Amino acid sequence: MHSGIRYTILFVAVALLQALVFNQVQISVWFNPLIYMAFVILLPMRTMPIVVLACGLLMGVTMDLLMGLVGVNTIASLLTAYFRPLMLKPIVGKDNFVDGGVPAPMTVGIGKFTAYVTMFVVLQSAVFFSLEAMTASYAYLIVLKVLLNSAVSIILMLLVASVFVPKNHN
């Protein structure tokens, strides 16, 4: 399947999953997994930084519109998209980064991929929940929310990656 079509399907799938499932399921105020950034996480390693930023912007604006927020997702998505190459290169290695492919458990290894996703998700969650709270007086609650949501989001993103990236894909 052409990669443009695959990424369009991934974009729509994670946006709809986030808006229609994860934002609607109220387990508690502590759990709001942010899986929509799987779209940016799974972009090919050689994707130009401006394209990664554009994808982050598009996903952030889409999620702000779907979630009824005013820029929180956009800011968090742009910031994490900006730092993506800085998180990706040291974890997957310079050689793997140059060779390209999609960062996934099958291409870079489960340990490296989990470390990459963890860094990405913790940054995304920290920015998102800090902007959502808009105060430092609840810092301990923000940290707790970041940790709980990151744990759930990481597991869900690993599942999304295993479904989206075929085993023989490079």
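**Helix packing and residue burial in the predicted model**

Leucine 131, with a relative accessibility of 24%, counts as partly exposed, the class between buried (under 20% relative accessible area) and exposed (over 50%), for a 1.4 Å probe and protein chains only. The model is predicted, and local features need pLDDT of at least 70 and side-chain atom pairs pLDDT 80 or more, whereas totals for chains, interfaces and linings use all residues. Residues are numbered from 1 along each chain as its sequence is written, and side-chain values use heavy atoms, with hydrogens and water left out.

Leucine 131 lies in helix H7, where helices (H or I, at least four residues) and strands (E, at least two) are DSSP runs numbered from the N terminus. Apart from neighbours within four places in sequence, Leu131 is in contact (heavy atoms within 4.5 Å) with Val72 and Ile75. The C-alpha atom of Leu131 is separated by 8.4 Å from that of alanine 76, 55 residues away along the chain. Serine 125 also belongs to H7, but this residue is buried, at a relative accessible area of 1%. With neighbours within four places set aside, Ser125 touches Leu34, Ser130, Val146 and Ser150.

The chain as a whole contains eight helices and zero strands, in the order α-α-α-α-α-α-α-α along the sequence. Of its 170 residues, 45% are buried. Among contacts between residues at least 6 apart in sequence, 74% link residues at least 24 apart.

Helix H1 (residues 3–22) packs with helix H8 (residues 139–164) at an angle of about 145°, and their axes are 12 Å apart; the axes are lines fitted to C-alpha atoms over the stretch in contact, with angles from 0 to 180 degrees between N-to-C directions. The H1–H8 crossing is right-handed, the near helix being turned clockwise from the far one by less than a right angle. On the H1 side, Arg6, Tyr7, Leu10, Val14 and Phe22 take part, and they meet Leu156, Val160 and Phe164 of H8. The contact comprises seven nonpolar residues, no polar residues and one charged residue.

In H1, the buried residues are Arg6, Tyr7, Leu10, Phe11, Val14, Ala15, Gln18, Ala19 and Phe22, and their cover includes H2, H3 and H8. Leucine 16, also in H1, is partly exposed at 41% relative accessibility. Between the C-alpha atoms of Leu16 and tyrosine 36, 20 residues apart along the chain, the separation is 8.7 Å.

For H8, the 26 residues should span 38 Å at 1.5 Å a residue, in agreement with the 35 Å between its end C-alpha atoms; the expected span is 1.5 Å times one less than the number of residues. Buried positions in H8 include Ile142, Lys145, Val146, Asn149, Ser150 and Ser153, together with Leu156, Val160 and Phe164. The buried residues of this helix pack against H1, H2, helix H6 (105–108) and H7.

The largest nonpolar core has 50 residues, and Phe39, Val40, Leu42, Met59 and Tyr116 have the most contacts inside it; such a core is a set of buried Ala, Val, Leu, Ile, Met, Phe, Trp, Tyr and Cys residues joined through side-chain atoms within 4.5 Å. Two or more residues of this core come from each of H1, helix H2 (38–41), helix H3 (49–67), helix H4 (72–92), helix H7 (110–133) and H8. Beyond neighbours within four places in sequence, Tyr116 is in contact with Val40, Ile41, Arg84, Met87, Leu88, Ile91 and Pro103.

Conventions: Ala, Val, Leu, Ile, Met, Phe, Trp, Tyr, Cys and Pro count as nonpolar, Asp, Glu, Lys and Arg as charged, and the others, Gly among them, as polar.
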